[in-house]
Amino acid sequence: MTMIKTIAATLAFTLAITAPGASALAGTRAGEAPSVSVSYADLNLSSEKGREVLDRRIERAIEKVCGRKRGKITLDTGIYACERKTRPAAYKARDLAVASYGENRLAGGPDKVIRLAAQ
């Protein structure tokens, strides 16, 4: 049980991500940090297919948080800087979710959500 709490705490700290280019996220109120939640509650992370689906969701979330429009090329260096900072933290959280997947499924574990946020 202690390991699950440690993983949950690590996930919480890892997911508070600073993303300087994130102000482009539509629907964000002034002064409020944009954020995106990536749920994996419906995925089997013990399977390759489940992990691939989660990876695609994370990539779309990174684009939303950092301001890039899906598949579009941009010259905004702030967006690229945001992506460079956000991606490693997001995949660290993803790896923790995959590593603890069996325990969380059996023990009820923390919410099955990865939250990407910018300030």
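The pLDDT is the predictor's confidence in each residue, on a scale from 0 to 100. In this predicted model, the protein chain has an average pLDDT of 73, and 62% of its residues score at least 70. Confidence is lowest in helix 1, which spans residues 2-14 and has a mean of 47. The highest confidence belongs to helix 2, residues 48-66, at 94. Over residues 5-28 the pLDDT stays under 50, although the model has 50 contacts for this stretch beyond four places in sequence. Where pLDDT is low, the predicted coordinates should not be read in detail.

The largest nonpolar core comprises 20 residues. Within this core, the residues with the most contacts are Tyr 40, Leu 45, Leu 54, Ile 58, Ile 114 and Leu 116. At least two core residues come from each of strand 1 (35-39), helix 2, helix 3 (77-99) and strand 2 (113-117). Helix 2 makes the greatest contribution, with seven residues. In soluble globular proteins, nonpolar side chains tend to be buried together.

When residues up to four places away in sequence are not counted, Tyr 40 touches Leu 45, Leu 54, Ala 97, Val 113 and Ile 114, among others. Its partners also include Arg 57, Asp 111 and Lys 112.

A further residue of interest is Thr 86, which lies in helix 3. Thr 86 counts as buried because its relative accessibility is 1%, and the cut-off for a buried residue is under 20%. The side chain of Thr 86 reaches the backbone oxygen of Cys 82 at 2.8 Å.

Technical notes: Residues numbered from 1 in each chain as written. Predicted model: local features only at pLDDT ≥ 70, side-chain atom pairs only at ≥ 80, totals over all residues. Heavy atoms only, no water. Helix = DSSP H or I, 4+ residues; strand = E, 2+ residues; numbered from the N terminus. Contact = heavy atoms within 4.5 Å. Core = buried A, V, L, I, M, F, W, Y, C linked by side-chain atoms within 4.5 Å. Buried < 20%, exposed > 50% of the residue type's maximum accessible area, 1.4 Å probe, protein only. Polar contact = N/O pair within 3.5 Å; in protein donor to acceptor, adjacent residues only side chain to side chain.
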